[in-house]
Amino acid sequence: MHLDLMTQHAVVIAGGGPTGLMLAAELALAKVDVAIVERRASQDVAGSRSRGLHARSLEVLDQRGVVERFVSQGQPVQNVAFGQAPLDLSDFPTRHNHGLALLQERFERILAQWVGELAVPAYRGCEVTGFAQDDTGVDVALSDGRALRAKYLVGCDGGRSLVRKAAGIEFPGWDASISYLIAEVEMTGAPAFGIRRDEKGTFAMGKQADGSVGVVLREDQVNTGEAPTLETLREGLVALYGSDFGLRSATYLSRFTDMTRQAASYRDRRVLLAGDAAHVHSPMGGQGLNLGVQDAVNLGWKLAQVVRGVSPESLLDTYQAERHPVAARALRKTMAQTALSRGDARMDAVRETLSELLRMDEPRKQYAAMMSGLDVQYDLGAGHPLLGRRMPDLDLVTSDGPRRVFQLLHEAWPVLLDLGEAGALDITPWADRVQRVAARYPGEWELPVLGVVTAPVAVLIRPDGHVAWVGEGTDQGLREALARWFGPPSTT
């Protein structure tokens, strides 16, 4: 098809769920022409899906100045656990030392409203059915017969990702060892609510806010094929509880498994993957939505710089280098939690031992930081403990008055935070790309798990909030870090 007959965008995102929406917002903030293709006609989400956000996800939303939109609609909660052992974050050095109870449907609606304010176009009621890429872009075919042309295509289209499959990207991992029915139902009876466990797994019922009953049932046999029916659910209730409790109807009924897979590559030339398209796993631990949102924040600024010609295409290689290990670790931990959900006497003993360990301060902090996303450190080489980690949201003193670090990141621009002698650090060749902020911070620098670290004299902060360079009295390595992350120096 001729290019002049195709609608063109710099980036097309397949999928308008949490990951796709967050990526669209990041690109729009960077003034990149991005569009979403979403098969749903509206932002409606069937069932509860994800039930909340972890601390690092709240931080990245705070970095963009929108976290209050979500906090106002949810409930702060200590929602981090490992193998049913609760992990308290309340003593962590972050403004968001908790999670947020917020159903995925509400999360998506708030996120979609923000994306709408950023004027991101959406092709709704259709989906990507295929694509062909060449040296300059990607031709994208839609199910309604239309075609789009983009410089890059990002698959945020879920675990069964067509984009991943069409790109020929392998999806190695582990097949399901157990399957669960999940439903929201109406019952005439009065079941005993709570979590139960037997030697094969966990099952539970609980009262929903709207008066319905939420049900999660482990199945006797692994099922991955046909969609479950009301009769399937009824049989499952009788098998596990001895009664269907007057089951009348289901407003939502689905099945999930502990299948665990990760894309061998997050990129094939001009096609990239993020969120569930790149990794699937058991929902135990509530990692999925949070991993996807943080994938998007890592990828967004890098893709924007490449599209705008600021950085070479090789910058995109750092997306996989940084995010693949984070997801790989999360996948292993969800596999462990699936095993811990089984209730034979030996696993009871393992779970009891683990709970004893996680009540100790150091193990508790290690696992709480890991599950909440607060401990992520990208491998940027040896150096100060801050290097590669999330920048803490310090209360700064600037010539314009008090500012929080996260306020400096609202526009998704990199920041050189200069806490030393005024004018000692010269970033003139990058002044059109990097914001220099002179400030003072008299307090201690404290990181989750690590505790207090040596105060730096300057910090180069990437748009995703991770530290790219730490100055300890000189500008050694600064120019190299600026060039690596934000393109070659300007000669004008």
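## Cavities, a buried arginine and paired strands

The lining of the second largest cavity is made up of 4 nonpolar, 4 polar and 4 charged residues. In this count, Ala, Val, Leu, Ile, Met, Phe, Trp, Tyr, Cys and Pro are nonpolar, Asp, Glu, Lys and Arg are charged, and the others, Gly among them, are polar. You are looking at a predicted model, where local features need pLDDT of at least 70, side-chain atom pairs count only at pLDDT 80 or more, and totals for chains, interfaces and linings use all residues. Residues are numbered from 1 along each chain as its sequence is written, and side-chain values use heavy atoms, with hydrogens and water left out.

**The cavities**

A cavity is a set of points, on a 1 Å grid over the protein atoms alone, where a 1.4 Å probe fits but cannot get out; its lining residues have an atom within 4 Å of a point. A volume is the space filled by probe spheres set on the points, which are joined across faces, edges and corners. The model has 3 cavities of 30 Å³ or more. Here are two of them:

Of the 14 residues that line the largest cavity, Gln 287, Leu 291, Met 370, Met 371 and Gly 373 are the closest to its centre. Helix H7 (288-307), helix H8 (317-340) and helix H10 (361-372) each give two or more residues to this lining. Helices and strands here are DSSP runs numbered from the N terminus: helices are H or I with at least four residues, and strands are E with at least two.

Around the second largest cavity, the lining residues include Arg 56, Val 60, Val 297, Gly 373 and Asp 464. The elements giving two or more residues to that lining are helix H2 (55-63) and H7.

**Arg 64**

Now find Arg 64 in the loop between H2 and helix H3 (67-71). Is Arg 64 buried or exposed? Arg 64 counts as buried because its relative accessibility is 5%; buried means under 20% relative accessible area, exposed over 50%, and partly exposed in between (1.4 Å probe, protein chains only).

A polar atom of the Arg 64 side chain lies 2.6 Å from the backbone oxygen of Pro 463. Leaving aside neighbours within four places in sequence, Arg 64 is in contact (heavy atoms within 4.5 Å) with residues including Glu 26, Trp 114, Val 297, Pro 463 and Asp 464.

**The strands**

Strands of a sheet pair through backbone hydrogen bonds, either parallel or antiparallel. Two strands count as paired if DSSP finds at least two bridges between them.

Strand S13 (residues 179-187) has 7 of its 9 residues buried. S13 pairs with strand S17 (residues 247-257) in the antiparallel sense over 9 bridges, and 6 bridges join S13 to strand S16 (residues 213-218), also antiparallel. Follow Ile 182: it stands opposite Ser 254 in S17, and its bridge partner in S16 is Val 216.

Elsewhere, an open sheet of 3 strands has the order S3-S7-S4, with antiparallel pairing. Strand S3 (52-53) and strand S4 (75-77) stand at the edges with a single partner strand each, so one side of each has no neighbour in the sheet. S3 joins strand S7 (residues 99-101) over 2 bridges, with Gly 52 partnered by Ala 101.

How values were computed
1 Å grid on protein atoms, 1.4 Å probe; cavity = no way out; pocket = protein on both sides within 12 Å on 5 of 7 lines; lining within 4 Å. Polar contact = N/O pair within 3.5 Å; in protein donor to acceptor, adjacent residues only side chain to side chain.
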